[in-house]
Amino acid sequence: MRSRLLAMVVVLASTAAADAQNTPKKQPTIINPPPTAQDYADLAKLPDWSGVWNPKITDQDRQARDNPPPWNEKVAKEVEKMWAEEKAGRPKLIFYGCFPEAHPSWMLVTHNAMEILFTPGRVTMLGESDGNRLRRIYTDGRLHPETPDPSFHGHSIGRWEGDTLVVDTVDILPQAPLAISEAVGVPNDGDMHVTERIYLAEKDILHVELEITAPNILTKPWKTTRIFFRQRARKFDIIEGVCQLGDYREAKDENGHHVFVPIEKTEWGNLVAPK
Amino acid sequence: MTNHFKPIGVLAVAGTVAVGIASVSAHHSTTMFDHSTTMMINGEVVELRWVNPHVSLSVNGVVKERAEDGPAVWVMEMTSPGNLVRAGGWRRDAVKAGEKVEVLFSPLRDAERKGGALKKLTVLATGEVFTANIREQERPGLE
């Protein structure tokens, strides 16, 4: 009996080993292949977007009045109330918690600088401040993922049409606001889709043409163009800007280590003067 | 291309969630300041906090328009360090604790609070002037 069992085990084990040898091994999916010298050479053919780009805030101000999104009826009432509160000196904290402004609101209402990096297969946008702002736009031909992984800036894929970068973005967190000022905007509530055409309108002027589809808050797609200008000669580089530092101050703990401790703020986010 | 985003599980929270009051970390609008009013404080710098998203300057002094209050510490808010560098020529050591300054500012609408939005800082010992209008950086030729 014991020898028969042993024989069965041996047969099963050898069959399994044979199957393993005959089954083709699944190859890992390479999504970031090592760039070639040609990939790097091709970057030189792209337009020059180097330097520090700042938003044209006066144009943001103008569009907040002259080019409002086609809010649906419910949201329009909320927005009307926000404008009234803003005017009354009780601005709503759209960007609470130091979360990123997110896409597309970063492009729409930021007050801070950004830089744009070209590397093989990718365009990267880096924000100067306001909570870890970063956009990766894949230009390597990949599609959006089958399984959504929502994020503040969504999943962006792009392609070059001449000197224009055409970007398609999905999978943005439903909590990400669609904002037209720092105090007026509502969460997109899901299913938002953003397309962009980004190009140099002049030597030091970058245009970002956006078309935003947000079916849960808008009645139809909204088009807007946002303007960034380049500070080429300024002796100033983009810097790290950690939003939450504004809520802390430097201190020493009981062991003498340098630490940050929370400070008091008002309900509007203002600092409180010492008594 | 179509959007294939689908909510992948939303926690049903009973009632409406009040957002933002307890957690005030934010870069915010500035309409809590009365921009139609300008006040002036003369005093000594307590601290320049060179941090995002809003640099702040604390000054211990007397506000001319509220002289009856006597000396007190007022906190002035501004835009981010990067924007102050670009728009107002600021730097981290633009002003130091103990220096005598004059500050023009728009006060908080809530008169109970000693805060304001800084419009112009003059360092009295050197005469250096720093402003904080974020839109100034759009001026052509500004370097």
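This is a predicted model: local features need pLDDT of at least 70, side-chain atom pairs count only at pLDDT 80 or more; totals for chains, interfaces and linings use all residues.
Residues are numbered from 1 along each chain as its sequence is written, and chains are lettered from A and ligands numbered from 1 in the order in which they are written.

**The two chains**

Helices (H or I, at least four residues) and strands (E, at least two) are DSSP runs, numbered from the N terminus. A residue is called buried if 20 or more other C-beta atoms lie within 10 Å of its own, exposed if 12 or fewer, and partly exposed in between, with C-beta atoms placed from the backbone. By this count, 35% of the 275 residues of chain A are buried, and for the 143 residues of chain B the share is 43%. Among contacts in chain A between residues at least 6 apart in sequence, 53% join residues at least 24 apart; in chain B, residues 24 or more positions apart account for 59% of the contacts with a separation of 6 or more.

**Cores**

A nonpolar core is a set of buried Ala, Val, Leu, Ile, Met, Phe, Trp, Tyr and Cys residues joined through C-beta atoms within 7 Å. The largest one holds 46 residues, and A179(A) is one of those that touch the most other members, together with W53(A), A102(A), L178(A), L206(A), I212(A) and I217(A). Elements of chain A that each supply at least two residues of this core include α4 (73–87), β6 (164–170), β10 and β11. Apart from it lies another core, of 32 residues, among them W74(B), V85(B), V103(B) and F105(B).

**Strand pairing in chain A**

Two strands pair if DSSP finds at least two bridges between them.

| Strands | Sense | Bridges |
|---|---|---|
| β1(A) and β11(A) | antiparallel | 3 bridges |
| β10(A) and β11(A) | antiparallel | 8 bridges |
| β4(A) and β5(A) | parallel | 2 bridges |
| β5(A) and β6(A) | antiparallel | 7 bridges |

In β11(A), F228(A) is the bridge partner of P55(A) and also of L206(A). Within β5(A), S156(A) is the bridge partner of I137(A), while W160(A) stands opposite L165(A) in β6(A). The strands β5(A) and β6(A) form a hairpin with 2 residues between them, and G162(A) in the turn has a positive phi of about 65°.

H155(A) is found in strand β5(A), residues 155–161, and it counts as buried because it has 23 C-beta neighbours inside 10 Å. Leaving aside neighbours within four places in sequence, H155(A) is in contact with H144(A), P145(A), T169(A), V170(A) and D171(A). By contrast, H155(A) and V75(A) are 80 residues apart in sequence and 26 Å apart in space, C-alpha to C-alpha.

The expected span of a helix is 1.5 Å times one less than its number of residues, so the 15 residues of α4(A) should span 21 Å, which agrees with the 21 Å between its end C-alpha atoms. Just after α4(A), G89(A) takes a positive phi of about 85°.

Notes. Two residues are in contact if their C-beta atoms, placed from the backbone, lie within 7 Å.
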